[in-house]
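Good morning, colleagues. Please take a moment with the sequence and the structure on the screen before I go through a few local features.

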Amino acid sequence: MDFAFPTQFVLAGCVAIAFAAVVICVKVPFRYNLRHLLVRWRTTLLTTLAFTVVVGVQTVMLAFVKSMQQIVARSGQPWNVMVLSDGATDEIYSNLDYPGVRNVELNPLVLKDRQGVSLASWEVYVVINQPMVSAEGKRNRRFISFRGLEDAERAAAVHGLELLPGGAWFSATGVQSVAASPGEASAIQAVIGEGCARELGRDRGGPLSVGDVFEAGPRRWVVVGVMKSAGTTFDSEVWANRRQVGQTFHRERHTTLTLRTADAAAARELAGDLNENYHESPVHAVVESDYYSKLNDTNRQFLGAAIVVTVILCVGGAFGTMNTMFAAVALRRREIGVLRILGFRRRQILASFFLEAVVMSTVGGVLGCALATLVDGWTTTSILSGGQGAGKSVVLRLSVDGNVLLTGMLIAVGMGTFGGLAPAVAAMRLRPSQAMR
Amino acid sequence: MLFMVLSGLGLVAGVALLVLVVLPAILGGLKVVATGRRLRFFLVLSQRSLHRNPVRTGVTACAISLLVAVVLAVWVVLGALDRSTQKKAEDMKFIVRARYTIPSEMPLAYASRLERECQELPAGLRPKPEDTMIWQLYMGTVDPVRRAREDFVVCFALDPPKILTMMDNLENLPPDEDAAFRESVARLEANRQGVMVGRRRLRMLNKQVGDRIRITGTNHPGIDLELTIVGLFPPGRYEPTAVIHRDYLNAALDQYARRCGVRHPMAERTLALFWVRVPNRAAAELLASRVQDPARFSAPPLIMETPSSGIAVFVEGYRDLIWAMRWPLVSAVLLTMVLIGANTVSINVRERDTEVGVLKALGYTPLHVATLVVGEAVLVGAASGLGCAGIFYLAVNQYLGGARFTEPMVDFSQLTVPTAALWWGPAIGAGTALVGSIGSAWSACRVNVAAVLGRVK
C-alpha cells in the first residue's frame, strides 16, 4: 500500500460522487433521517463515538506506517552510490579494505567539488546500546547510531544535509575540553540529528543543543552542531570524527564509502561499473535510494499487522452500526409503512436507511480523524530493517497528512456501508401492510 | 490470507452459535435446577431476551468477540515478550558480550581467555567444561544475486557437543525425537562441513537432509561456505535456526588469510557470544566482576548478563511501539467494546420499557431491574469472550501448533495462547459489558411505571 499514490483521492472522489448521485437521483427523505438521528441522540452518539475511536486508532496506525515509508524514501539520494564490502547487505556488517578501495573515488562518474576533490564520504557506522538512567531513576537502554566521518563538511555535501543555525562541524581532531577539573579526559565533538537531540534530551526535559554533553559508551560527547535532518535516518545519528568513533567502539575499518554523482542515471551506471569492473578489491556498490528501500521489511511487517488489526476493528465497528440500524428499522416499522403508503419507493427506503448509517460513520470518521491529527508531529522510536539480521534505530515523526486522513475517512465510510446495507435491505423489503400491523 | 478470512468467519459463526444456542440452553438447564422462584423468573427472562432479537444478540456477540480477539492477540504477544525479558532468579546461565556495540563482536582470542577465566574460579564456583559455549555468528545467503529474505541464513558456529549441554528447550523431548536429534548432533560433530537446521529453515531453503548448500557470507564477506545438511532440530524453538561447526568457519578465516595475505577483517570480531552456566549466584558475581574488569578485557569491554537481558536489548528498539500496543491500542479497543455494548443495551432497554414497568408494578425493586439489565449484558459479554478465547486457543495452539515469527535471532519462534486466555476472554467481555450496561441499567431503574403502563392499550 503506497500512501503517496493518489488512489485515495480518486476513490474518495468516486465515493462522494456516488453518494451525491444517490441523494439527488433517488430523492431520499434525507431530512427525515437527520431528524431521527437527532431524536435518538443517545444511540447516535454511542455509535458515532465507537466510530470515532476505531477510526482514530486506525488513522494513527496508518500514520506510523506512512512515517516509516517516508523516512525510507527520504533517506536515500538517487544520485548517491554506497560502496560496501563485497557480500555485505548492511553497513553494519561491511568492512572496507581501504588500500584496495581508495581508488573507487577516482571514477570519472564521481562528482568533484570546486577544488577538484571527489565528493566522496568515507564513513564508519556503529550502533551501540547505551544503558541510561532516567530523571526518575528508572534504568533503561537506548540505541544510538554513530557515523564516524573523515570530513564532516564533505559528508554533509554528499548527503545533502546542513546544520541548524548556531552549530558548527567538528574540528580535525574531533575532541574538545569540557573538563570541570584538570586532568579529566576531553569530550568527543559530535554533530547530532534533530531526532537524536530530542531522544537524548528526553530525560533532561528538552532536546540537546550546542554545548550540551552526553555520555555514550565509555566517553563523553559534546554537541557542537545539530543537523537539519528531519524525516531521514540521519535524524537519529550522531556524527563525529571517524578516528574517534573507531577507537571508542573498536571499529577501525571504514564500513561505507558514499559517492555523489551527477544524477540518478549516472549513479546506476557507477554502481554497475564498480560491481563488475572494479577488481582491486571486490565491492558491493548500490544506489543509496535502493539501499534504503530494502530497509522496508519492517514496514511491510507493520503494515501487515496494521491491516489485520484494522480489518478486525472495522468488522467490529460495522457490527456496531448494523446493530444500531437494525434497531432503527425495528423501531420505525410503522414509519416505513407510512412512507411506502405515501408513495416512497423501495429503493428510496433502501437509500434512506443506508445513508443514515453512512452519515453516522462519516461524522464518526471526521471526529476520529480530528482526534488522530493530535498525534501529528509526535516522535517515536523504531527500527528499520531489511530482515537480514541488522537494522537502523530511527526516530520517527508521525505524519498525519491528507492521504492518511482520507484513508481513515474511506475506512469509516466503508464501515458505515458494510454495517448499514443489511438493515437498509431489511427496511426495503418491508411491505406496507406488514409494516403497519 | 485465506486462512485468516476463514478463521474470522469461523470465529464469528462459533460465537454466534454459542450465544444463540448454547447459552440459552444453559440458562434453560439452570432454570430447571434453580430453586428460588425469583431466580427462576430472571433466568426465564434472560433466556427469552437472548432470543427476542437473535440478529441483535448475534451481531453484538460477534462484534465483542472480534474486539476481544484483538486484545487477546496483543496480550499474548506482549506477555511472551515480558516473559522473555524477565530475569529469573534461578537462571544460572549467562551470556558474555561486547558491552556497547550491536551486534556483539569480539576477537576470537577472547574465547580462550574467557574459558580460562572460568577455569580459574575457585573450586565449587567453577563451571564444568560442558557448561560453556562459544557462539560465532555467520550470516549469508544461498542466492547471492537475489538476496531475498528466504535465501538468508543465520548460522551459529559452535562446538557441536555443546548443543546438547547448553542450548535451551532440548531437554525433555519425546524419545524418538530425542534419538533423531542426538543422531543429527553426532553427524554434525563428525562432519566439519555439516549444518543442522530447523524445519522451517529447511522448508524456506527448499532442501532436504543430505542436500548441499553454498552460503555466500554477508557479515563475513569473502567467506563462502559449502555445507551439507546433516540433520534437523526438533520442532519448536529452533525452527528458523541453523548451526555449523565453528572449526570449519575458523579454518575458512585462516584460509582467507593465506589466500589474501592479510587477516580477514572479521577475524578480530567473529566471536558473538560466550555462554556460561555457573553453579551458583556467588560464582556468577565473581565471574562477572572479572569479565567486566576493564583491566582484563578492554578492547572491547565486556558485559555479563542473563539471556533475558540480552533479549531486552533487542526489544528495546521497539519500546515505543510496545507501549502503544499495550496502552492506547488496548484501551481504544476496550472503549469501543464498551460503546458497542452500551449501545445495544440501551436499545434493548428502550424496547422493553413496558416490560420493566410491569416488573416494577409487580413489586420488583430497581435493584432487581438493574440486575436483570446488567446480568443479561454480562452474560452475552462473557459468553462472547469465552467463545472467542476458546476458538483463538484451539486455532493457534491445536490447529497451527503455535503462531510463528520469522525473526531468526530471537526466541519467538513459536508463540502459543496460554490457558489463562480462557478466563481473560470472558473477563474482558463481561467487564466491558458491565461498564457499558451501567448507564442503561440506571435508565431502566428510573422507568416511570405510570407513564409506561399508561401507554399500554
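I begin with a term: a residue is called buried when its relative accessible area is under 20%, exposed when that area is over 50%, and partly exposed in between. Please also bear in mind that what you see is a predicted model.

With that cut-off in hand, consider A:R332 and A:E356, which are both buried. These two residues form a salt bridge, and their closest N and O atoms are 2.9 Å apart. A:R332 sits in the loop between α10 (297–331) and α11 (333–341) of chain A, while A:E356 belongs to helix α12 (residues 346–373) of chain A; the pair thus links distant parts of the chain, 24 residues apart.

Over all chains, the count comes to 34 salt bridges. As a general point, side chains of opposite charge can pair when their charged atoms come close.

A second case is the salt bridge between the side chains of A:R147 and A:E91, at 2.7 Å from N to O. What does this pair tie together? A:R147 lies in strand β3 (residues 139–149) of chain A and A:E91 in the loop between β1 and α4 (98–101) of chain A, so the contact ties together parts that are 56 residues apart in sequence. A:R147 has a relative accessible area of 1% and is therefore buried. A:E91 is likewise buried, at 0%.

I turn now to a strand. Is β11 of chain A, residues 283–287, mostly covered or mostly open? The strand is mostly covered, with five of its five residues buried. A:V283, A:A285 and A:V287 point one way from β11(A), and A:H284 and A:V286 point the other way. Strand β1 (residues 80–85) of chain A runs antiparallel to β11(A), and five bridges join the two. In that pairing, A:S85 has A:V283 as its bridge partner in β11(A).

Finally, the backbone. Most residues other than glycine have a negative phi, and most peptide bonds are trans. Where does this model depart from that pattern? Chain B has a cis peptide bond between B:I102 and B:P103, with omega about 0 degrees. B:P103 is placed in the loop between β2 and α4 of chain B. Another cis bond joins B:A299 and B:P300, with omega about 5 degrees, and B:P300 is in the loop between α9 (281–291) and β10 (302–305) of chain B.

As for phi, A:H250 has a positive value near 60 degrees. A:H250 is found in the loop between α7 and β10 of chain A, and its relative accessibility of 26% makes it partly exposed. B:N206, which is not a glycine, also has a positive phi, about 60 degrees. B:N206 lies in the loop between α7 (199–205) and β6 (212–217) of chain B and, at 68% relative accessibility, counts as exposed.

Thank you for your attention.

Terms used. Residues numbered from 1 in each chain as written. Chains lettered and ligands numbered in written order. Predicted model: local features only at pLDDT ≥ 70, side-chain atom pairs only at ≥ 80, totals over all residues. Heavy atoms only, no water. Buried < 20%, exposed > 50% of the residue type's maximum accessible area, 1.4 Å probe, protein only. Helix = DSSP H or I, 4+ residues; strand = E, 2+ residues; numbered from the N terminus. Pairing = 2+ DSSP bridges. Salt bridge = Lys/Arg side-chain N within 4 Å of Asp/Glu carboxyl O.
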